[in-house]
Amino acid sequence: MVVILNNLDDEPIHRICGEHGRRPDELIEILHTVQKEHGYLTDAALRTIAEALNISRAEIHGVVSFYHDFYRAQPARHILKICRAEACQAVGSDDLAAYAERKFATTMGDKGAGGQIGIEAVYCLGNCALGPAMLIDGKLHGRVTPERLDILAETDLSSGEARNG
Ligand code: FES
């Protein structure tokens, strides 16, 4: 008996793999492209990529779990990434993170599971002189106080635009 694991839904993923020459060294770029087009990385998508690149699913899972920018479930509409590294901690990022958790009624590390707001920790955004630093949907902000976060929430999170990074 023949078991068909993949179906026509896999065609876009095979196309993306083909655009990258089905090269295993292009895995990260392929994962980013699949996630960009589909929102997150499903088990089926990872299985298809493994097949197309002729690599093991364990290898792919290792890469996906190592990089925090990959999502295994539908992420929140907006993603806040707050720097928790030393320079930002020294100027208040812990307080900012605690405030953000209260304000958005979520916890650090909760990617939002398809809700409105997800908050994640990052460790240095290269903006140390202007800490606390954070990204809102991929856009860098410096010297973010709780008061400034309130303002940014009004401008950046109420625009209706979805997450882009
Ligand atoms: S420590 Fe926060 S941006 Fe470098």
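Close-up 1. Phe 70 is buried, with a relative accessible area of 3%, where buried means under 20% relative accessible area, exposed means over 50% and partly exposed lies in between, computed with a 1.4 Å probe on protein chains only. Phe 66, by contrast, is exposed at 59%, and Tyr 67 counts as partly exposed at 36%. This is a predicted model, in which local features need pLDDT of at least 70, side-chain atom pairs count only at pLDDT 80 or more, and totals for chains, interfaces and linings use all residues. Residues are numbered from 1 along each chain as its sequence is written, and side-chain values use heavy atoms, with hydrogens and water left out.

**Close-up 2. Ring geometry in the cluster of Phe 66, Tyr 67 and Phe 70**. Rings of Phe, Tyr and Trp (its six-membered ring) pair if their centres lie within 6.5 Å, and planes under 30 degrees apart count as stacked, over 60 as edge-to-face and the rest as tilted; by this rule there are two aromatic pairs. The ring centres of Phe 66 and Tyr 67 lie 5.0 Å apart with their planes at 85°, so this pair is edge-to-face. The rings of Tyr 67 and Phe 70 are also edge-to-face, because their planes stand at 85°, with the centres 6.3 Å apart.

**Close-up 3. The largest nonpolar core, with 18 residues**. A nonpolar core is a set of buried Ala, Val, Leu, Ile, Met, Phe, Trp, Tyr and Cys residues joined through side-chain atoms within 4.5 Å. Leu 31, Val 34, Ile 49, Leu 53 and Ile 60 touch the most other members. Two or more residues each come from α1 (11–19), α2 (27–38), α3 (43–53) and α4 (57–66), and α3 contributes the most, with six residues. Helices (H or I, at least four residues) and strands (E, at least two) are DSSP runs, numbered from the N terminus. Leaving aside residues up to four places away in sequence, Ile 60 touches Leu 27, Leu 31, Leu 46, Ile 49, Ala 50 and Ile 55, contact meaning heavy atoms within 4.5 Å. Apart from this core lies another, of 15 residues, including Ala 100, Phe 104, Ile 136 and Ala 153.

**Close-up 4. The parallel strands β1 and β2**. Strand β1 (residues 78–83) is joined to β2 by six bridges, and two strands pair if DSSP finds at least two bridges between them. Lys 81 has Glu 120 as its bridge partner in β2. Strand β2 (residues 117–122) is mostly covered, with five of its six residues buried.
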